[in-house]
Amino acid sequence: MGSRIQLAQCTPDQAKVPDVEPGGISSFLAPTTPVEGLYVHVPFCRHRCHYCDFFTIAGREDAFDAYVDRLKSEIRASASCIQGPLQTVFIGGGTPTILPPKLLAEVLQEIRSALPVASDCEWSVEANPETVTPEIAAALADGGVTRVSLGAQSFQPERLKALERRHDPATVERSLQRLRSAGIDELSLDLIFAIPGQTLAQWESDLDIAVGLGIRHLSAYSLIYEQGTPLTRRRDRGEVAPIPEDLEAAMFEHAIRRLDAEGMRHYEVSNWAIPGSECRHNLLYWRNQDWWPIGPGASGHVQGIRWKNVPRLGLYLEGQGLPPVTRPEQLDEDGRIGEAFMMGLRLLQGIPVQRLESLLACGDRSGARRRAIEGHVADGHLIMDAVSLRFTPRGLMVADSIMVDLL
Ligand code: SF4
């Protein structure tokens, strides 16, 4: 779908995959491990958008049946590794709702029957507006899905064209209606701003339309020119002009004001929710908790180890059970502390003082981090008080560069 939290960043299927561990992840972990979340990657899309750097493939409808069979085998094999109860299940992509309803239902059923899922588990699915038929909405609702995140991106046909998104903006409202009729009320929209050619007035209109649709959650990401994407190559050739930085900042500021006025709480740098409708699965990423990956290209994090299932459909389909993974990475203490700063600061409530003190008590860069924090507090980009360390509204505008200082 293109959301920035997604953890299945792309290695194109044809590309060389480095350092594959053919035996899977099980030899790197304790036999069964407590895991809070599950991420399932569906790597198929109707078209590969030129800004996307996720692991996705277009035009492989012929592989859907084999992919779902293979996925079910991986789900069953994961059961012996996962100690639940799983609090969240997130099916992302790619475009999960490109799968026929029957196959989507099989995936949901296999997870429910094979894995230790909590009775109040959050079940999220990403969808593209043009794929939400009444049958898909029914398959999701019947399969126990509680939350759908819809990739609207923009309500301006010209801006959708600039992104190479192919849906008609009117399909967003129709999809939401279908999902609500099926009984799914926790609905989120993804929007993108800083699209080439976009004006502030167009962005204001996108937000007005989005909040007018009665959604409970909204993700707004600025367009990123990711390395290696066709969009970035077009920019480098001068064929695409990014919008000015001050316009991008004005768009972000407007989103903060507009959504606040609508009663949506800004809880993460790029995410807003009616209180109680925050995405529990994504919170798990930002809190550095543990989640298990399923599907080719899906990334996981358990016991301080990060790994990715090999992002190649052909290699994935060849096997059974747990798939080969790219070399697992165990961060050292300093790396873990840097990551805790990076993820913790993304939440608007910030890093609680007690946690902050324990993070600053160790690590090779402790002194440098303390100095960086003092500098950013003096600049008015961070607040440190008796409660937490967190961004000021001005700091949010330059959040990425501040987080890099604390890595
Ligand atoms: S719909 Fe486009 S942006 Fe979303 S995952 Fe597919 S290719 Fe990427």
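The centres of domain 1 and domain 2, taken over C-alpha atoms, are separated by 27 Å in this predicted model. The domain assignment places domain 1 at residues 20-330 and domain 2 at residues 333-406 of the protein chain. Where the two meet, 10 residues of domain 1 are in contact with 10 residues of domain 2.

**The side of domain 1 that touches domain 2**

- At least two residues of this side are supplied by each of three elements, namely α8 (245-261), β12 (265-268) and α9 (280-286).
- The largest share comes from β12, which gives three residues to the side of domain 1 that touches domain 2.

**The chain as a whole**

- The protein chain has 15 helices and 20 strands in its secondary structure.
- Its radius of gyration is 21 Å, close to the 22 Å that the globule rule gives for 407 residues, and the protein chain is therefore as compact as a globular protein of that length.
- Taken along the principal axes, the box filled by the C-alpha atoms of the protein chain is roughly 55 × 50 × 45 Å.
- Among the 407 residues of the protein chain, 40% count as buried.

**Nonpolar cores**

- The largest nonpolar core holds 83 residues, and within this core L38 and L218 touch the most other members.
- Strand β10 (residues 186-193) provides the largest share of this core, with five residues.
- Leaving aside residues up to four places away in sequence, L218 touches S188, L189, L191, A210, L259, M264 and W272.
- Another core, of 11 residues, lies apart from the largest one, and its members include I337, L359, I373 and I402.

**The hairpin of β15 and β16**

- Strand β15 (residues 299-302) and strand β16 (residues 305-309) pair in the antiparallel sense over four bridges, and R306 in β16 is the bridge partner of H301.
- The two strands β15 and β16 form a hairpin with two residues between them, and in the turn Q303 has a positive phi of about 55°.
- In a regular strand the side chains alternate between the two faces of the sheet.
- In β15, S299 and H301 point one way while G300 and V302 point the other way, and all of these residues are buried.

**An open sheet of three strands**

- The order of this open sheet is β18-β20-β19, and the pairing is antiparallel.
- At the edges stand β18 (351-352) and β19 (382-384), each with a single partner strand, so one side of each is left without a neighbour in the sheet.
- β18 and strand β20 (residues 388-391) run antiparallel and are joined by two bridges, with I351 standing opposite L389 in β20.

- R234 belongs to helix α7 (residues 230-236) and is partly exposed, with 16 other C-beta atoms within 10 Å.
- Although R234 and H50 are 184 residues apart in sequence, they are 9.5 Å apart in space, C-alpha to C-alpha.
- When residues up to four places away in sequence are not counted, R234 touches E239 and V240.

Methods
Residues are numbered from 1 along each chain as its sequence is written. This is a predicted model: local features need pLDDT of at least 70, side-chain atom pairs count only at pLDDT 80 or more; totals for chains, interfaces and linings use all residues. The radius of gyration is taken over C-alpha atoms; the globule rule is 2.2 Å times the number of residues to the power 0.38. A residue is buried if 20 or more other C-beta atoms lie within 10 Å of its own, exposed if 12 or fewer, and partly exposed in between; C-beta atoms are placed from the backbone. Domain bounds come from an automatic or database domain assignment. Two residues are in contact if their C-beta atoms, placed from the backbone, lie within 7 Å. A nonpolar core is a set of buried Ala, Val, Leu, Ile, Met, Phe, Trp, Tyr and Cys residues joined through C-beta atoms within 7 Å. Two strands pair if DSSP finds at least two bridges between them.
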